[in-house]
Amino acid sequence: MGFSRLSAFNFALCTSLWVLCCHGFTERQGFALENEKFLAEPHYHTTSELEDLFARLQKEFPTMARVHSIGKSARGRELTVLEINKNVRKRSLLTPMFKYVANMHGDETVGRQLLIYLAEYLLTNYGLVPEVTQLVDSTDIFLMPSLNPDGFEFSKEGSCESPQNYAGRYNAAGVDLNRDFPDRFDSSLMRHFRAMTRQPETVAMMTWILNSPFVLSANLHGGAVVASYPYDNSINQHECCSESLTPDDGVFKLLAHTYASNHPVMKTGLDCNETFPGGVTNGAFWYELNGGMQDFNYVFSNCFDVTLELSCCKFPKANKLAGEWAKNKRSLLEYMKLVHMGVKGIVKDTNGYPIKNAEIIVEGMKPIKTTERGEYWRLLKPGAYGVQAVAFGYEPSAVQEVLVTNASAARVDFNLKPSDNVEGWIEK
């Protein structure tokens with residue numbers, strides 16, 4: 001018996017949907033489909049392939065994607081970043097800046113490839129998946145797949161552990177980049193910033209962090225499965241199993257738990273022959289290190305940074321990449337959304353001009369500073385807080401009581417009056 005015309009149409013439609021699903025489209029939210037074609041032929045992108053892909057994405061999405069280089073490696077390779085936002089030519093006022101950085105240890109490669117996938121996922125699903133559209137519309141996203149492209153080129157696919165000479169883990173000069181940043185106990189940042197022994201990759205990253213108002217970030221590693229938060233060292237160094245907590249410990253725990261709880265393996269806290277309750281750990285409690293990037297972000301800038309260890313095997317075979325994407329995709333997205341938690345606003349003078357470097361004070365927590373446009377973002381857990389703005393040459397604001405919820409950041413602006421007592425500020 002032959003098909004009716006309607007039956008034929010339905011059959012063709014079902015066949016078409018099946019083909020789409022089998023070639024990288026997965027079903028979400030009823031009839032919505034998300035594009036994951038990048039998983040069709042999983043492989044690790046070489047440095048040149050990475051640069052070509054980002055250039056193609058910039059050309060294909062000219063208003064939403066922009067390629068940057070923050071500097072060069074010891075061997076002269078570009079340190080490439082892709083910026084993603086609804087309008088990458090000009091960041092809208094109060095749009096927070098977020099960054100993911102991977103592969104600072106060159107043989108820890110899962111994060112490197114996940115950020116390449118994430119770039120493609122965000123751009124190709126914009127306008128298709130509401131969650132992606134909202135995230136890109138409201139966030140200035142920076143993805144840096146490799147801080148150590150030289151080390152990556154030295155590394156070998158399938159090697160789960162670093163070799164004895166750490167070739168690949170270190171940069172081309174044989175330096176561990178996650179031990180090369182100024183330590184939080186250093187008394188002179190600028191002296192160490194200019195040090196001849198500082199690696200070019202480190203200097204490039206420091207310059208980028210100090211000159212960009214990043215709010216939240218994470219750096220992606222391998223060799224374990226856990227979310228680690230600051231501090232990475234303590235005053236009483238080398239004492240085993242002692243936590244070293246920041247004034248913002250509650251915020252950092254929320255950040256780490258958000259990533260871990262959305263990861264099917266990390267949340268168990270049991271992998272790689274180690275145990276981490278809830279899939280998180282304080283860095284110093286796990287093991288101490290000096291000169292790490294996450295502590296540098298927090299101590300020397302406004303940026304909150306967490307270290308994400310994503311796989312027991314540092315450089316797994318490429319056929320494992322689709323599975324790693326599936327395990328980490330939800331965590332990567334949910335973590336990015338946290339850039340919008342807490343309080344945000346603008347600090348101006350009584351004439352309406354923005355005040356740069358005003359400090360936003362929440363009792364018991366680290367002060368953060370405003371941008372050149374007077375903007376600030378203060379990450380906070382849900383709860384009630386008193387928030388105050390202070391700036392040199394101005395009267396301190398009144399403390400504003402703010403209720404922070406799980407929704408988007410509460411808006412709290414400040415207008416500061418010029419102070420007649422500048423000498424009093426100088427004495428302070």
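**Aromatic pairs and a buried loop serine**

The structure holds 23 aromatic pairs. The model is a predicted one. One of the pairs joins Phe 98 and Tyr 335 in an edge-to-face arrangement. Their ring centres are 6.0 Å apart, with 70° between the planes. Phe 98 belongs to strand β5 (residues 97-102), and Tyr 335 to helix α11 (residues 321-337), so the pair ties together parts that are 237 residues apart in sequence. Phe 98 and Tyr 335 are both buried.

Trp 208 and Phe 214 also pair. The ring centres lie 5.0 Å apart and the planes meet at 80°; the pair is therefore edge-to-face, because planes over 60 degrees apart count as such. Trp 208 counts as buried, at 11% relative accessibility. Phe 214 is likewise buried, at 2%. Ring pairs also link Phe 38, Tyr 117, Tyr 121 and Trp 325 into a cluster.

Charged side chains sit over two tyrosine rings. Arg 184 lies over the face of Tyr 231, at 3.5 Å from the ring centre. Lys 366 places its charged end over the ring of Tyr 298, 4.7 Å from the centre.

Ser 397 is found in a loop, between β17 (383-390) and β18 (400-404). Its relative accessibility is 11%. Ser 397 therefore counts as buried, since the cut-off is under 20%. Neighbours within four places in sequence aside, Ser 397 is in contact with Gln 388, Ala 389, Phe 414 and Leu 416.

Terms used: Residues numbered from 1 in each chain as written. Heavy atoms only, no water. Helix = DSSP H or I, 4+ residues; strand = E, 2+ residues; numbered from the N terminus. Buried < 20%, exposed > 50% of the residue type's maximum accessible area, 1.4 Å probe, protein only. Contact = heavy atoms within 4.5 Å. Phe/Tyr/Trp six-rings, centres within 6.5 Å; stacked < 30°, edge-to-face > 60°. Lys NZ or Arg CZ within 6 Å of the ring centre and 35° of its normal.
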